[in-house]
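Thanks for coming, everyone. Let me put the model up on the screen, and then we can walk through a few of its helices and loops together.

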Amino acid sequence: MHRTRRRGNPPLLPRGRLVRTAAVVVALATGITAAAFAVGGSDERPSGVRTDAVQPAGRAALDRVGSKDLGKSISALQAQLRARPKDAAGWATLGAAYVEQARTTGDPTRYPQAQKALARSLTAQPRDNDLALAGRAALAAARHDFPDALRDADRALKVNAYSERALAVRVDALVELGRYDDAYAAARRADSLRPGIPAFTRLAYVLELRGDPAGARSVLLRARKSATAPGDVAYVATALGQLAWSQGQYPRARGHFADALRAEPGHLPALEGRGRTFAAVGDLDAAVRDLEEVVRRYPLPAELAALGEVYEARGDRERAREQYAVAATWIDLARANGVATDLDSALIAADHGDRAEALRAARAEWGRRHSVHSADALAWALHRAGRDREALRYAKSAAAPGYRNASFLYHRGVIEKSLGDTASARRHLSAALDLNPAFSPTGARAAKAALKGLGEAR
């Protein structure tokens, strides 16, 4: 996540505006969730409902289904389960679908519904229910409870060693726990047992984290050749675009995002990537158009903060603060629905809010998992709290597996500058801008200013 690199705490929004931004998030969530209560309805079979219309649980690649199709599938499942309330596979599929709907819409209130559906599945079939266990693993991962995600993925794989969902979640959990060697082995195993888009994209990400972006691109190109469905094409093309963007290859990134949007018009991750790429090349108006559409449909902290940074780069600080306030409200809503939000809290607060809260959240996140992202968040929160010597240790941890991220390099350079290590600061600030010259609309500008302060103009 790429955050604004600006010192000082912005003034709070006027109370009326803050209430309105909170209302936007709450209204969105309650509106999306209202239909979910139908799941617990009557066991009577409604007339005219086909009970064979839904693909069996775990067979559909729900993480690559369009949101419209996913909504239709959920409605059909709800009807099917009213007719067959003891259908363990159906409840497991519904739980997995709710998890995916939460991910694609940004609505964390779907998670309790997913938990109930998966519990119904396990009640109906307590033993050898790999579908529900894999769904529960996905739910735990979505809530950022990665130890439980790993536990349930392992349980599912004991029942069915070929479970695509469990294999994928196992990789995700190991990545997020910072166990990168284990994640690499798990990704290779998933690739050998269930080669396909989920395995390919995860293997690529692990390679990137281990400092091999060329290897990651090679795997993604292999995935792109195997993709035929529009959703799969968009998914892989977007991953290629994100990788290219992170390496500062903006024309290549735009080409991949264009491929994704041709395959699936309106594909939100591709739209976000295109918006970030527009910002990187200085077309802030186009960036705003794309990112405003993204946050209208998907108001999550990273996307809200990205739009806020573009507003800030355009000089519209009031609208930027509004985005940061909405992000903070979403974090509160997610926390109320069982999502561990400390990483998002730390990043938002460090740059746009209460520095003491940023440090508390970052320490809590590090206590749960030692990933490169939690290390970077803690390093930056410690820096913002004036504790640079301690911060440097975590900034070094963020680079330990070989991962090169421009934002991380920028953070480390600023920390070293504060400690008076001019040579190291110059090296890491330059590396950030060499890798991805516009990694953040405001962060890159701050990196250039820091280098200028060290006697090196950019």
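Let's start with a pair of neighbours: α21 and α22 are roughly antiparallel to each other, a label used for angles over 145 degrees. Helices here are DSSP runs of H or I with at least four residues, strands are E runs of at least two, and both are numbered from the N terminus.

Before going on, a word on where this comes from: it is a predicted model, where local features need pLDDT of at least 70 and side-chain atom pairs count only at pLDDT 80 or more, while totals for chains, interfaces and linings use all residues. Residues are numbered from 1 along each chain as its sequence is written, and side-chain values use heavy atoms, with hydrogens and water left out.

Back to our pair. Helix α21 covers residues 406–418 and helix α22 covers residues 422–435; their axes are 8 Å apart and the packing angle is about 160°. Those axes are lines fitted to C-alpha atoms, for helices over the stretch in contact, and the angles run from 0 to 180 degrees between N-to-C directions. The crossing of α21 and α22 is left-handed, meaning that the near helix is turned anticlockwise from the far one by less than a right angle.

Who touches whom? On the α21 side we have A406, L409, Y410, R412, G413, V414, E416 and K417, and they meet S424, A425, H428, L429, A431, A432 and L435 in α22. Sorted by class, that contact has nine nonpolar, three polar and three charged residues. A contact, by the way, means heavy atoms within 4.5 Å. For the classes, Ala, Val, Leu, Ile, Met, Phe, Trp, Tyr, Cys and Pro are nonpolar, Asp, Glu, Lys and Arg are charged, and the others, Gly among them, are polar.

Now a second pair, α18 (residues 355–368) and α19 (residues 372–384). Their axes come within 9 Å and cross at roughly 150°, so α18 and α19 are also described as roughly antiparallel to each other. Their crossing is left-handed. From α18, R355, A358, L359, A362, R363, E365 and W366 meet S374, A375, A377, L378, A381, L382 and R384 of α19. The residues of this contact divide into nine nonpolar, one polar and four charged.

Leaving out residues up to four places away in sequence, S371 touches V175, E176, G178, Y180 and W366.

Let's step back for a moment. The protein chain has 23 helices and zero strands. Of its 458 residues, 55% count as buried. Among contacts with a separation of 6 or more, 61% are between residues 24 or more positions apart.

In α9, residues 197–209, 12 of the 13 residues are buried, so α9 is largely enclosed by the rest of the structure. The buried residues of α9 pack against α7, α8, α10, α11 and α19. Just after α9, G211 takes a positive phi of about 85°.

Then there is α5, residues 130–142. Its 13 residues should span 18 Å at 1.5 Å a residue, and its end C-alpha atoms are 18 Å apart, which agrees; the expected span is 1.5 Å times one less than the number of residues. In α5, 10 of the 13 residues are buried, so it too is largely enclosed by the rest of the structure. What covers them includes α3, α4, α6 and α7.

Have a look at the loops on either side. D128 lies in the loop between α4 and α5, with a positive phi near 55° although D128 is a residue other than glycine. D128 is exposed, at 53% relative accessible area. H144 lies in the loop between α5 and α6; H144 is not a glycine either, and has a positive phi of about 65°. At 25% relative accessibility, H144 counts as partly exposed.

Is H267 buried or exposed? H267 is buried, with a relative accessible area of 11%. Beyond its neighbours within four places in sequence, H267 is in contact with A234, Y235, T238 and L261.

Technical notes
Buried < 20%, exposed > 50% of the residue type's maximum accessible area, 1.4 Å probe, protein only. Parallel < 35°, antiparallel > 145°, perpendicular 65-115°, else oblique.
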